[in-house]
Structures are given as structure tokens and as C-alpha cells.
Amino acid sequence: MGFTAARPLCHGRQVGEAGSAKAPKTRMSAIVQFENVGLRYGLDSETLSDVSFSLASGGFYFLTGASGAGKTSLLKLLYLAQRPSRGVIRLFGEDVVTLPRKRLPGFRRRIGVVFQDFRLVPHLSVYDNIALPLRVAGMEEAEIDAPVSEMLNWVGLGDRGQARPATLSGGEQQRVAIARAVIGRPEILVADEPTGNVDADMARRLLTLFEALNRLGTTIVVATHDLPLIAQVGSAQMMKLDKGRLSDPTGSLRYPPRPPGAG
Amino acid sequence: MSPFDRAADRRAAAAARHRLLPEGRVAGPMPWIIAIMMFLTVLSAAAGLGLGAAVQAMGADLAGRATVQIVEANADQRDRLSASVAQALRTTAYVRAVHPVAPAALADQIRPWLGQDAVSGDLPIPALIDIELTPGETGAKVDRLRHQLRAVSPKVRIEPHAAFLAPLAGLLSTLGWLAAGIVLLMSLATGAVVVLAARAAHDSHRGTIDVLHLMGATDVQIARLFQRRIGLDALFGGALGFTVALLVIVLLGARLLATGSELLTAIHLPWTDWAILAALPVGCVLLATLAARWTVLRSLGRLL
């Protein structure tokens, strides 16, 4: 509490500027910086090309684009599941591309991820799934119960703690995945199509959860192609991927278009 | 937090960690394969150690022993010569003991092959004198005795016991080394089984591993989960195989004793050998744990 998210700005370059020596200076509050990032799987053509942007700490960002545009690939780079084929990625001020592998876990613990397919551990209870990041971080058992119970209540699953994921509905599983992603109070929350499997009402409630988290200071990055959803978050910025390239990363592609002179 | 609370917390944390991989300890063929391998390893090791002990006992027993033969067809001359040779041996400094073999005992020994004719007196049976030499330089002492006895009569021969039992001792020694080789091969095979099992377990829990990995779990944290699971499987298999092998060894030991054969009863296991056998299942658990850790760390090393 006590954190008021400033209206975030998404700093970036147009595609034509990519690779230019005159890269724009990023603000000190930038928590994520991509510079001329390219990603290629095997010998295929590049999935992501010349992606450059920076995200301000405490911002709320939507990443949109058609299916196959490279949203999931970009998020994978962001949550350190993948290294880029080229370019520089800085997280929390450090170049994570050249970072030794043994230092990556420390960075991953600062990033919460809501996977498109939830990736809940099927043989663990809802409670244990949510507690997982705290246990990975080495928190003592006596200190785990309170935050997990609080999180269960926060996502409206207070009475389902001992249930197995398979017995939950899609929306409930989604909320467990979100609770698991945010319980460690990550500095960045990355969500890949978090509303893809839920109805409109649940999508709105999930977004409310994200906004609440954002107000606590967490930088939110949500990949979605649900434009009406984007319109619900007034403070958010939108990045659009088109065939692996970031187009107009300045926020002017907001939906609905931001009125001239607004924030 | 009190020490009691801290211990309870550690237990709870351990229980939570153990839940990360699905429960069901004796799942899959690995514990049973390890049980079979441990059974064979313990039997091989017991055979190797037993034969080694037999060779050692035989060597200690035979070192410094020899038999003097008086090959004289005429019984009266043979008796006289035997008495003088025995007397000469008793006065030799490096001969510790002289035991003339009684003709009746000798006849008993050859009766199974020659029948009653052996004791009829018609067959010229040599007189035998068993001697024990003082410790050390047995070969040189036997050579000196040979010269000395040849001077008494060319019909007197001396045979060190080690010479005619050397091929048997060599065979037992070879069998002992063979058993050691089998133990080594079984250990390698056990390690290979564990590596395969760890890979299979790693693949089947890939989803959980990926999630843990992306949450910031270190390779060592993840490897520990597999180490524990495979260590427990190895403990079960090792204990089972060891117990069954132990029963077989005890039963075989009883059968060997029942034969009454001096040679077979020499195959025994001193307490140090039992300690080595008991260390085998412990070694198996350690080997399995290390192999699992190595395998999982290698697999994880391929991830980002």
C-alpha cells in the first residue's frame, strides 16, 4: 500500500529506428528494456525482429497483436524462459542476455507469470500451488500460511484450498494461476492471454485484480487480443506486435484511441 | 521461534517439498531392478570375500609345511630309514615340528582308492613325515633340507605343501578376482539403471520442473527432489536385495559346514567382511543419489 502508480509511459522506437546508434535515452525508472531484440527458433525466419522498447516501473502494459504475431515469444523473453538470438534485454537494470545462468533464478523470483495454459501442478492442492513461489524462495512454513490464506480469499477460493486443480473450473484455475503469480509480490507480472478461457464477467474481475496489484506498485504486462478488455484500463499503455515487429510503441494505438491531449 | 517450533517448521517444509513430486515410493521397476542387482552383488561380493579368506587361510596354513616321503619298497628298511630321517629332522634348527604319519592313518587315506589291498602289506607304500618349518624363507629352507636328506638317502624326498596346492590356491584367487569384477560391473549397471530412471522421471515430471524453474527454483533445489525419490527407491531395493542375499549366504554357509570338508569350511566370512557386505546397500543408495543428482543437473543445464 502507499504506492500510487504514476501514469506509465512506454518508451520505444519505431521499427525504422531499430539498430540505430542514436537509441533514445531510457528513464531511470525503466524496469524492462529491449534493444534491437531478435528471436529465431532454429533455422526458421525470425519470430521477433528489431524489437526495442522500455517499460516504466509500476506501469500497466498491454501487448496485443494477431495470433502468431510473437506475443508469447516476447513474453518468454521477458520472463526469462528464452534468450534472444540478438539484441540486449535489461531487467531491473541488468543485462540478462549475458547474465550467467546461475544468476537467473534470482531474477525469475522477481517476475510473476500467469501462463496461457495456467500450468498448475496437477498433483498439488490449490493451497500448495499458490504456496509454491514462497517455498521456492525458501520462506519458512510458519510464515507461508497467512499470505496463502489471504491470497485464496483475495481470488475468492478461500474454501477450495485443498481441492486439486482438475476439480476446478477454467475460471477458478485461472485465479489460482494468478494467485500463484502474485503471492511473491513480484516486481513484474507477466500474463499471457489471461482472459482467454474465461467469460466476460470473470475477465473483468481478473482485470480488477491486476489493477489492484498495479496500484501496489507491480509492473503489469498482459498479452491479449481482447481490445475491449484493454479499453477498461484507463492508465494502461498498449504495444502492438505485427509479424514479429513492434509497431507504434508510443501508445497511440490505444483502443479506443486516446483523446488528443489526454495524459 | 523455539527449537521445537523450528523442528516442526523444518518437518513441514520437508513434507511440502516431498509433495512436489507425486507420492508412491515403490513405483515403477527401478526398486525391483535394484533389489535384484543388490542380491547378485552381495552374493558375488560374499563369494569373492569368502574365497579370498580361504586363499589367505590356506596360504597361512600351508606356508612352512612340507611332507617328507621315504620311498623304499622294503618295509624294514623303510621303517629304519624313516626313524633316522625323523631323528635328523628333529635336530634341524629350522624344523619346528616333526609328525611321522602313522601307517594305519596312511592306509585309511588311500583305502578309498586302493581298497583293502592298501593295508595288506603287498603294496609298497612310502612312509610319510609331516614337518613344520620355522616362519620365513620356506623355499630356501626346503631346498636346504632337500640337500640334507638326499645325503641321508636318495630315496628320501621332500614336497612343500604350498607347491601341490598352488594351482588350487590360484584358482580360488582367480575366482575371487572374478567376483570382484562382477561387483564392479553390477555397480556400474546399477548406476546406469539409476541414470535411465532419473531421465525417465525427469521427462515425466517435465511440466512441474518447468514451472519450478520459471519460478526461480535453482537446479540444486530441483535435483534434490529427484535425489530423495531415487534414494528412497534405492534404499528399498537395496535393503530387500541385501536381506534375501543374507539369507542365502547363511543357508549356503550351513551347507558348507555340513560337508565337513576342510577345504570348503575354509571359505568363511570374518566380521570385517560382513561389515563390507553391509556397506553395499549403503553404497548403493549413495551411488543412486549421486547418479540421480548428476543426471538431473545435466538435464537442467540444457535449459536456460
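Let's start with A:Phe62, which stands opposite A:Val222 in E9(A). This is a predicted model, where local features need pLDDT of at least 70, side-chain atom pairs count only at pLDDT 80 or more, and totals for chains, interfaces and linings use all residues. Residues are numbered from 1 along each chain as its sequence is written, while chains are lettered from A and ligands numbered from 1 in the order in which they are written.

Back to that pair of strands. Strand E4 (residues 60–65) of chain A and strand E9 (residues 219–223) of chain A run parallel, joined by four bridges. Strands here are DSSP runs of E, at least two residues, and helices are runs of H or I, at least four, numbered from the N terminus. Two strands pair if DSSP finds at least two bridges between them.

Now the whole sheet. Six strands of chain A form an open sheet, in the order E7-E8-E9-E4-E10-E11, with mixed pairing. Its edge strands are E7 (111–114) and E11 (245–247) of chain A, each pairing on one side only. On average, neighbouring strands are turned by 20° against each other, direction ignored. The axes behind that angle are lines fitted to C-alpha atoms.

Next, chain B. What does chain B contain? There are 10 helices and four strands. The order from the N terminus is α-α-β-α-β-α-β-α-β-α-α-α-α-α. Of its 304 residues, 28% count as buried. Buried means 20 or more other C-beta atoms within 10 Å of the residue's own, exposed means 12 or fewer, and partly exposed is in between, with C-beta atoms placed from the backbone.

Take one helix. H3 (residues 75–90) of chain B has 16 residues and reaches 22 Å from first C-alpha to last, close to the 22 Å expected at 1.5 Å a residue. B:Ser82, B:Val85 and B:Leu89 are buried in H3(B). Down the axis, the buried residues of H3(B) fall within an arc of 70°, so they line one face. The face turned away carries the exposed residues B:Asp76, B:Gln87 and B:Arg90. Cover for the buried residues of H3(B) includes strand E1 (65–70) and helix H5 (138–152) of chain B.

Last, the interface. How many residues of chain B are in contact with chain A? There are 17, and they touch 24 residues of chain A. Contact means C-beta atoms within 7 Å. H7(B) gives the largest share of chain B's side, five residues. That side divides into 10 nonpolar, five polar and two charged residues.

Technical notes. Axes are lines fitted to C-alpha atoms, for helices over the stretch in contact, and angles run from 0 to 180 degrees between N-to-C directions. Two residues are in contact if their C-beta atoms, placed from the backbone, lie within 7 Å. Ala, Val, Leu, Ile, Met, Phe, Trp, Tyr, Cys and Pro count as nonpolar, Asp, Glu, Lys and Arg as charged, and the others, Gly among them, as polar. The expected span of a helix is 1.5 Å times one less than its number of residues. The arc is that of the directions from the helix axis to the C-beta atoms.
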